[in-house]
Every structure is written in C-alpha cells, then in structure tokens.
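Q: Can you go through this one with me? I'd like to start with the charged side chains and then move on to the backbone.

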Amino acid sequence: MIRPRRLRRTETIRALAREHHVRADRLVQPLFVAERESDAGPISSMPGIERFTIDGAAAEAKTLASLGIGSVLLFGIPAHKDAQASSNYDEHGVVQRCTAAIKAASPTTLVIADLCNCEYTDHGQCGIVNDRGEVDNDATVALLVRTALTYARAGVDVIAPSDMMDGRVEAIRSALEAHGYVDVAIMAYSAKYASAYYGPFREAAGSTPQFGDRRGYQMDPPNAREALREIALDIEEGADVVMVKPGLPYLDIVRAARDTFDVPIAVYNVSGEYAMLKAAIANGWMDGDRAVDETLACFVRAGADIVITYFAKEWAQRHA
Ligand code: PBG
Ligand code: ZN
C-alpha cells in the first residue's frame with residue numbers, strides 16, 4: 001500500500017523529506033528611521049517594531065547581521081514635509097545619513113532603501129500632485145530619479161521604488177548608469193496593490209494620504225494578469241529583482257511570477273499581515289512561534305526568493 005504517512009513519522013524523516021526551507025540570509029528586515037529623536041519609539045499597531053533614531057538603526061543593523069540577517073530595508077521619517085518632498089532628495093536627509101551610519105557600524109550589511117515620496121510630502125500622496133488633484137506621473141518620476149541619485153551617492157546598495165509610477169525603473173536605471181552608479185541594484189515594487197493591509201505602516205511612517213487614496217497608481221486587488229505585465233515591464237526597464245506586495249493574500253501572484261520569470265522574486269509580508277498575526281497571538285488565539293514559522297515557510301513554498309518581513313529578527317533569534 002502507498003502510505004505517505006511513512007515520511008511523516010518522526011521529525012528526522014520529515015526533515016529528510018522537507019521541500020523548502022526558510023533561511024536568515026533570504027530575509028530582509030524593514031527599519032523605520034526617524035530624523036527627529038522625538039519621533040522615535042514604539043508603534044502601537046506593530047508590537048515589537050519601533051521607529052529608530054539614526055544611531056539606533058545603525059546599532060540594530062549590526063545586531064541583525066550578528067543574527068544572520070544581512071539586509072535591511074530603510075524607511076525614512078523626515079523632520080520636514082512639503083509638496084515637493086524636498087527632504088527626500090536632501091543630501092543630508094534621513095535615509096542618506098542613516099545609510100552612512102549603517103555602513104560605518106556594520107560594513108557588510110546590505111542597505112536597501114525604499115524610494116517613495118509619501119513619507120516626505122505634506123499631502124501624503126506618493127508623488128507630485130497637479131492642479132486637478134491627481135498624481136502627475138512624469139513629474140514624480142523626475143523627482144524619484146533626483147532622490148535615487150542621492151541615495152546612490154550615500155552608499156545605498158539597492159534602490160526599491162515603491163511608488164508605482166510608469167517608466168520609473170527605466171528612468172532610475174539610466175540615471176544611475178549615466179552617473180557611474182552601475183553597481184546599484186533596483187528591486188522594483190512591481191506588483192504593488194492598493195491594499196488595506198498597509199494601514200499600520202502608514203501610522204508607523206506618518207504617510208497616510210490627506211485626501212483621496214492610492215488607487216490611481218497602485219494595482220486593483222482583483223487583477224492577476226496585470227501583475228505579470230507590470231513585472232515584465234519592470235524587468236525590461238532594468239529591474240534586478242521584482243516584488244509582489246502584499247504577501248499572504250497574493251501568494252498566487254508570487255507563484256505565477258516565479259513560474260514566468262527568471263529574476264529573483266521578492267515578497268513583502270506587509271504591516272497589516274504582521275499586525276493581524278501579532279494581535280491573534282497576543283490574544284492567545286494562535287501559537288506565535290508556529291504561526292510565524294509556518295507563514296515564512298509558505299512564502300518560500302510559493303516561490304519567493306527574498307522575503308521582506310517584520311518577523312525577520314524574531315525568526316532569526318529563535319533559529320540561531
Ligand atoms: C510607500 C510604501 C508603503 C509600504 C511600503 N512602501 C505604503 C503605501 O504604499 O501606502 C507598505 C509597507 C507595509 O505595509 O508594511 N509607498
Ligand atoms: Zn508612497
């Protein structure tokens with residue numbers, strides 16, 4: 001008789017038959033970095049995650065490296081916001097300074113910088129708003145290019161545009177080439193959906209739109225074919241890594257992307273996914289360790305090469 005249960009009898013035989021593994025070196029820890037010390041501190045909807053000062057983020061990167069987490073994804077929380085997001089392309093802006101601080105404290109840490117304007121604009125939209133109240137694609141792309149060059153100059157290893165403007169990967173890639181930053185990689189948020197799961201992040205980063213929403217640029221959740229088209233475009237435009245975001249409700253997209261393209265696929269296990277799990281665990285409704293291990297393994301099983309997750313540090317601590 002064929003008895004699949006034979007391979008499930010003991011942990012040793014289950015380990016032999018196991019198809020996929022989570023590894024610390026494929027996890028990326030997002031870090032929120034506040035320019036003003038008074039903005040640092042805990043985030044109520046994301047227990048265990050905090051807004052670091054620049055020095056705090058550098059120390060955290062070092063701790064993460066010692067746990068085997070070699071990559072961080074930076075989100076800046078600037079002291080100043082305006083309609084042009086000018087603090088984003090400031091040579092001495094929070095991401096630029098934090099990158100230098102991380103490289104000094106932990107030289108091997110790979111610094112990935114999220115590139116968007118919503119944390120830097122006073123209206124909270126991801127780009128320049130025109131007189132009709134719409135986000136202007138090409139003006140926003142020009143701004144992203146300007147900021148990307150300052151990130152590259154500051155030593156950022158990977159630029160991760162999360163704005164969903166058309167043509168931004170091509171524009172950033174050409175500018176990086178033209179200015180000699182040929183080794184700076186682009187990890188594009190290619191299939192980024194207009195999702196309610198970003199709620200806790202917007203509290204953490206202070207980036208809630210003051211009017212309207214992001215549905216004019218982020219993708220419509222029911223669409224799947226369109227995700228493959230977006231990913232194909234970003235690869236053509238020069239993206240080194242493409243991303244699907246959010247994660248858990250979009251594992252079908254991760255699988256389709258893995259089966260269709262040859263570049264590394266990243267998935268972003270976003271703030272709302274983290275908050276849901278943490279809330280259920282805090283209520284005693286789920287076993288925390290098992291739920292987190294299972295969740296991260298499922299991203300790998302779905303085909304993700306890179307998993308961006310707020311659980312990275314605690315996973316690495318538990319599996320050290
Ligand atoms: C900035 C950005 C967002 C996230 C990553 N980059 C928020 C948004 O688009 O509103 C979400 C990350 C998360 O929820 O963990 N555009
Ligand atoms: Zn944004």
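Q: Where do Arg14 and Glu11 lie?
A: Both are in helix H1, three residues apart, which is about one turn of the helix. Keep in mind that this is a predicted model.

Q: What do their side chains do?
A: The side chains of Arg14 and Glu11 meet in a salt bridge, at 3.3 Å from N to O.

Q: Which residue forms a salt bridge with Arg97?
A: Glu35, with the closest N and O atoms 3.4 Å apart. Arg97 lies in helix H3 (residues 94-105) and Glu35 in the loop between E1 and E2, so this pair ties together parts that are 62 residues apart in sequence. Arg97 counts as partly exposed because its relative accessibility is 38%, and Glu35 is partly exposed with a relative accessible area of 25%.

Q: What about Lys103, which residue forms a salt bridge with it?
A: Asp157 does, and the closest N and O atoms are 2.6 Å apart. Asp157 sits in the loop between helix H4 (137-154) and strand E6 (158-161), while Lys103 is in helix H3, so the pair links parts 54 residues apart in sequence. Asp157 is partly exposed at 23% relative accessibility, and Lys103 is partly exposed at 24%.

Q: Which residues do shared partners join into one network?
A: Salt bridges that share partners connect Glu11, Arg14 and Arg18.

Q: Lys278 next. Why does it count as buried?
A: Because its relative accessibility is 18%, and the cut-off for buried is under 20%. Lys278 lies in helix H9 (residues 271-282).

Q: What does Lys278 touch?
A: Pro47, Phe311 and Glu314, leaving aside residues up to four places away in sequence.

Q: Now Ser38, is that buried or exposed?
A: Ser38 counts as exposed, at 62% relative accessibility. It lies in the loop between strand E1 (27-34) and strand E2 (41-42). Ser38 and Ala79 are 41 residues apart in sequence, and their C-alpha atoms are 9.8 Å apart in space.

Q: On to the backbone. Which peptide bond is cis, with omega near -5°?
A: The one from Lys245 to Pro246. Pro246 is in the loop between strand E8 (241-245) and helix H8 (251-260).

Q: Why mention that?
A: Because most peptide bonds are trans, and most residues other than glycine have a negative phi.

Q: What is phi for Ala85, then?
A: Near 55°, a positive value in a residue other than glycine. Ala85 is in the loop between strand E4 (71-77) and H3. Ala85 is buried, with a relative accessible area of 0%.

Q: And for Met164, what is phi?
A: Near 70°, again positive in a residue other than glycine. Met164 is found in the loop between E6 and helix H5 (168-178), and it counts as buried at 4% relative accessibility.

Conventions
Residues numbered from 1 in each chain as written. Chains lettered and ligands numbered in written order. Predicted model: local features only at pLDDT ≥ 70, side-chain atom pairs only at ≥ 80, totals over all residues. Heavy atoms only, no water. Helix = DSSP H or I, 4+ residues; strand = E, 2+ residues; numbered from the N terminus. Buried < 20%, exposed > 50% of the residue type's maximum accessible area, 1.4 Å probe, protein only. Contact = heavy atoms within 4.5 Å. Salt bridge = Lys/Arg side-chain N within 4 Å of Asp/Glu carboxyl O.
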